[in-house]
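Me: Got a structure I'd like to talk through with you. Can we go over it piece by piece?

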Amino acid sequence: MRKFITLSLIMLAVIAGAYYLSPHLVPKTELNALGEFYLRNSYFGEYSAGSPEVVTAILWDYRGLDTYFETAVLFMAIIGAVSIFRNMPNVSFHPYGFTDITRTGVKIVGLITFVAAATTAFHGHITPGGGFQGGSMLAVVPLLVIVAFSKKALEKAGLTKERALVIRTIGLLTIAIVAFYPLLVGGYFMQNLPVYPKELYGMLVSGSLSLFNMAEFLAVGAGFTIIFLLLSNPEGGSEA
């Protein structure tokens, strides 16, 4: 009870502070030069990334090198977690399980989440979102299955650590291939246009941005799934 009161007081203090300070903050009415450059060039400009979604253009084109190594750091962290948990003994237990209503709800929510995740990733070059956001949403689906059904149920459906590792590797290799390919045709590392087409069959794909988003979607979704599987204890008994 004491912790709850302390936490409530801290939250009230933060809200009161934000409310007091907000009128005193100077609103920004003008863009700086860099922001103006991104807005003018993301889609139409001389240095166009071929994408109306400025954030995605910045992440995978204008500052693509930074994103590339950020992605490498993330997956190095996942590799480290896999190395630590791989040989740790699991503690089995007998779950009580959830009702059929809960499990049916999870099936529906899981399907909706999967569609929303894929949409977020595949449309990341034209709407807010992208591969990392879509992959993070995708990883929620196996997590829901583990909680509502069991780890065994997920593995019985075919999604094991080994398969997730293969999917993650495919995603990372695709990112590396897309990043290095421009060097083979006389371009520079991670070059977007004109090495990759802006449109494909009349559909805007924004060059390499779509490829990066789809590859990261797979890599992030599978990477987080590996962690969830490693952190989940196998259930005892034959129920799955």
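Me: Where is Ser206 found?
Reply: Ser206 sits in the loop between β2 and α9. Helices (H or I, at least four residues) and strands (E, at least two) are DSSP runs, numbered from the N terminus. Keep in mind that this is a predicted model: local features need pLDDT of at least 70, side-chain atom pairs count only at pLDDT 80 or more, and totals for chains, interfaces and linings use all residues. Residues are numbered from 1 along each chain as its sequence is written, and side-chain values use heavy atoms, with hydrogens and water left out.

Me: Is Ser206 buried or exposed?
Reply: Ser206 is buried, with a relative accessible area of 0%. Buried means under 20% relative accessible area, exposed over 50%, and partly exposed in between (1.4 Å probe, protein chains only). Ser206 also has a positive phi of about 55°, although it is not a glycine.

Me: What about Tyr201, what's its phi?
Reply: Tyr201 has a positive phi of about 55° and is not a glycine either. Tyr201 belongs to the loop between β1 and β2 (203-204). At a relative accessible area of 83%, Tyr201 counts as exposed.

Me: And which residues does the cis peptide bond join?
Reply: Leu193 and Pro194, with omega at about -5°. Pro194 is in the loop between α8 (161-184) and β1 (199-200).

Me: Switching to the whole thing. How many helices and strands are there?
Reply: Nine helices and two strands. Along the sequence the pattern reads α-α-α-α-α-α-α-α-β-β-α. The radius of gyration is 22 Å, well over the 18 Å that the globule rule gives for 240 residues, so the protein is more spread out than a compact globule. That radius is taken over C-alpha atoms, and the globule rule is 2.2 Å times the number of residues to the power 0.38.

Me: What does the C-alpha trace span, and how much of the protein is buried?
Reply: The trace spans about 65 × 55 × 35 Å along its principal axes. Of the 240 residues, 37% count as buried.

Me: Let's do helices. How far does α1 reach?
Reply: Helix α1 (residues 2-21) has 20 residues and reaches 29 Å from first C-alpha to last, close to the 28 Å expected at 1.5 Å a residue. The expected span is 1.5 Å times one less than the number of residues. Helix α1 is hardly covered, with a buried count of zero among its 20 residues.

Me: Now α6, which residues are buried there?
Reply: Among them are Gly131, Gly134, Gly135, Leu138, Pro142 and Ala148. The cover over the buried residues of α6 includes α5 (100-122), α7 (151-156) and α9 (208-231).

Me: What does Leu138 touch?
Reply: Leaving out residues up to four places away in sequence, Leu138 touches Phe114, Ala117, Phe217 and Gly221. Contact here means heavy atoms within 4.5 Å. Leu138 has a relative accessible area of 15% and is buried. The C-alpha atoms of Leu138 and Asn213 are separated by 13 Å, and the two residues are 75 apart along the chain.
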